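The following note is intended for a colleague who is meeting this structure for the first time. Please read the numbered points alongside the display.

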Amino acid sequence: ITVVHSSGVFTHVVSWCCCLGSNPQHLQLLRAGLFPASSTRPRTAFTFEVLDHFLIDTLECKTSARSFYEKLTRLTNNAFPDTVPDRYRELMRVSRLWRDLKNRKWFGFGHDTESEPGPGDLALFCPSCPQPGINMPLHWKQKYERQVGYYYLCKFVVDGNFTAQHMNMRQPKLNIFLSDGLGYMVAEQEYQAHLASATESRERSTCSNHHAVNAANTNQSNLRATGVGATACARHGCFIPHCIVDFQKGERQVLFNILTINRVDDKITSSHMNIDYSICNAIKHAGKTIDNSLVIYDVGCQWSLHFAERVNNYYNLTLPDNTEIELGRSMEKFWRHSGLPLTRSLQQHYKRANKGIDDTKVPFEELTSSLEVSKVSSWEKDETQAMEQCGEHLDIYQLKIDKALTMAEIQLRLTETEYADTGKCGSISWLINGIHLEDAQDALRVDIRKVPKDASASQKAVVEEKRQKLAARISQFHEVADAMMEGIEVDAGTKHMDDMRFCAADMEEEARETEDIEVASEETGEEVAAEAMGIWMPSSIPHPDALALGLGALQAEELHLWQGQANDCLEKLRQVLGHKAIIYCQHFRSADSTWAGTRSKQEANRCRIKIDKCVRSYQRARNAMQRLGADEDTLENLSQLSVDREVTEENRYGQGSDRLAWFWRVNNGHDSHEGAWMDEFYRVNWLKAKARWQRWEEELSLVRYEMGWTVSWFRYKKEGWERRFHKATKDGHRAYAQRQVLLWERFLLDAENSFKDKMIIVT
């Protein structure tokens with residue numbers, strides 16, 4: 001017979017035992033450590049060693065069966081590999097049988113011969129997830145405190161992988177399942193029956209145009225499966241047994257008729273028929289006596305529609321009694337698992353949680369000690385009420401002070417009434433276009449300031465192209481202005497000169513002179529460059545003259561829009577200043593390397609560029625408001641930005657006795673409201689600081705429980721093999737069971753030593 005070994009392919013003469021009562025030939029080979037390619041008259045056999053090598057190579061090296069066998073032929077005869085017998089097809093068949101037998105032996109079915117493996121019995125589930133009767137008490141409800149309900153909540157993450165495609169087989173009848181539904185994949189027959197009972201929907205997703213749902217209309221006839229969908233534990237990314245399903249056309253939707261759902265109207269509901277099956281199996285397998293489950297799914301907003309109705313009315317979708325499902329949003333990370341050992345992974349989670357507590361507890365306590373006790377007590381009552389009642393009460397984490405109207409809000413309000421106010425349609429969009437053109441001019445001037453003195457021809461060509469496009473937009477804008485004015489002659493418009501004190505961050509060299517920039521802006525010859533063109537708007541006419549020409553209503557509209565623009569600029573300014581302060585406090589000062597310090601400086605400089613842009617835009621808005629005749633109260637509320645203190649030196653010395661800069665309280669008008677605004681500011685920050693600290697406290701407690709569950713899971717596996725050892729009657733069975741006992745005992749001791757004085761075990 002031909003014998004395939006890890007060192008090559010050989011031909012041997014075999015003398016079979018023909019004694020009375022002797023074993024069949026294939027069993028004689030198995031007793032000799034050879035796996036026969038057939039059970040009748042075997043002519044090829046594979047050593048156990050070469051089959052084990054093939055399993056390891058496919059797992060770690062991703063070696064195909066063809067490449068593995070070609071390696072063996074080279075080891076046999078490197079000069080003439082074609083003379084080596086070709087046993088590739090036999091390797092394919094035998095390796096599948098070998099893998100299935102090994103799985104059954106690993107999970108104890110070589111010892112438990114009376115029972116057959118059920119759905120998912122040949123797959124491992126996450127040791128660190130709560131499993132009643134396995135790693136936690138069967139009557140766990142009497143053992144665990146009620147306030148730690150989140151810890152024993154089943155947490156699932158669901159996602160689809162559209163790169164795991166499967167081609168149609170030429171002869172599907174040759175596809176023999178050895179462990180159908182016994183591992184991570186669902187049973188084929190029941191799953192196909194589930195799919196056949198539903199009609200595919202052609203509806204498009206109504207939620208952010210999700211690709212996963214819209215892929216349902218993809219037609220790839222050459223594929224048996226366009227991908228797979230799976231459910232895994234959300235904490236550790238371990239796949240749940242008997243939950244991986246094939247996709248036929250994306251995460252398909254199905255239609256259920258009203259007669260099935262017993263609805264009173266004639267509407268048809270849709271569902272993700274593949275994912276429904278996966279999630280129901282996951283909850284039945286992992287949930288068991290745990291009623292509450294958290295399902296995290298990136299298109300859960302679509303999937304959850306009518307899910308309960310589908311489960312109640314379709315016999316293949318079943319859930320345990322009293323099951324309650326909460327919905328979350330997916331991070332989609334479990335397809336690329338790091339492969340880190342579980343004990344080491346939990347230790348890293350433990351260290352990260354402790355660091356998170358250290359980073360959040362002290363700042364929270366310092367903030368609390370600096371506040372009035374009465375205010376803190378009131379905020380604590382609000383927090384307790386929000387945690388108990390949830391819903392709209394969770395709005396306590398949002399600012400309740402009304403903000404100034406944004407430009408978009410003002411635009412909407414003016415658009416709704418523009419015809420009644422001015423007798424014209426399109427004036428608002430025309431004014432908005434003019435404001436955007438001024439912003440475009442500012443952006444072009446920034447690009448010009450970044451051009452080096454020795455600019456190449458391609459760099460100059462890019463700038464010139466931008467100039468031409470902007471000049472065309474301005475020309476088109478002025479054509480609309482002529483039609484809007486109905487015969488009133490307009491002048492050249494308003495030209496804006498940037499305040500160079502807020503342009504330094506844009507320039508490539510800090511020492512570049514202002515004259516250089518002006519020359520760069522005037523290199524186009526006699527024609528006025530696009531970035532220097534005047535843009536005519538109603539604000540280009542003095543306010544008294546505009547009233548005389550009947551443009552008062554148009555100027556009023558422009559005034560409102562510029563006020564919205566100023567409010568937007570100040571809001572962005574506050575956000576960027578806050579971001580820059582965070583960079584200085586958390587990154588720049590704590591940088592432990594030159595690389596980190598450089599990155600922090602670059603990020604801070606990008607913030608400075610954004611600050612300068614906001615300031616220039618705000619200055620244009622305020623100047624326009626002055627020309628439009630804004631009242632003194634409005635201009636007083638929107639003050640001029642100080643160059644040396646409020647913007648450019650936000651980290652200056654001696655701020656302890658300063659009043660809050662005016663732009664931090666502009667949304668509330670006068671100083672009389674400053675106390676209320678600051679109270680609201682501190683309230684929200686105090687609540688968020690406490691939530692961050694408590695989040696890490698909760699994470700630490702949960703990790704400690706997970707450590708205990710992991711140790712109990714290893715002990716459960718060890719005790720299971722000890723029972724098989726005592727029941728075994730054959731020496732081989734006893735030896736293998738003892739080997740498994742020692743294996744799981746080593747896992748147990750390693751986990752106990754790693755989690756010593758950290759884990760929580762409830763017995």
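1. A residue is called buried under 20% relative accessible area, exposed over 50%, and partly exposed in between, with a 1.4 Å probe and protein chains only. By this scale Ala408 is exposed, because its relative accessible area is 53%.

2. The model is predicted: local features need pLDDT of at least 70, side-chain atom pairs count only at pLDDT 80 or more, and totals for chains, interfaces and linings use all residues. Residues are numbered from 1 along each chain as its sequence is written, and side-chain values use heavy atoms, without hydrogens and water.

3. Ala408 lies in helix 13, which covers residues 407–422. Its C-alpha is 8.7 Å from that of Leu561, although 153 residues separate Ala408 and Leu561 in sequence.

4. The protein contains 23 helices and 14 strands; these are DSSP runs (helices H or I, at least four residues; strands E, at least two), numbered from the N terminus. Of its 763 residues, 43% count as buried.

5. Among contacts (heavy atoms within 4.5 Å) between residues at least 6 apart in sequence, 74% join residues at least 24 apart.

6. The accessible surface of the protein, by the Shrake-Rupley method with a 1.4 Å probe, is about 42300 Å², and 51% of this surface belongs to carbon and sulfur atoms.

7. Leu97 is located in helix 4, residues 88–106. Leu97 counts as partly exposed because its relative accessibility is 32%.
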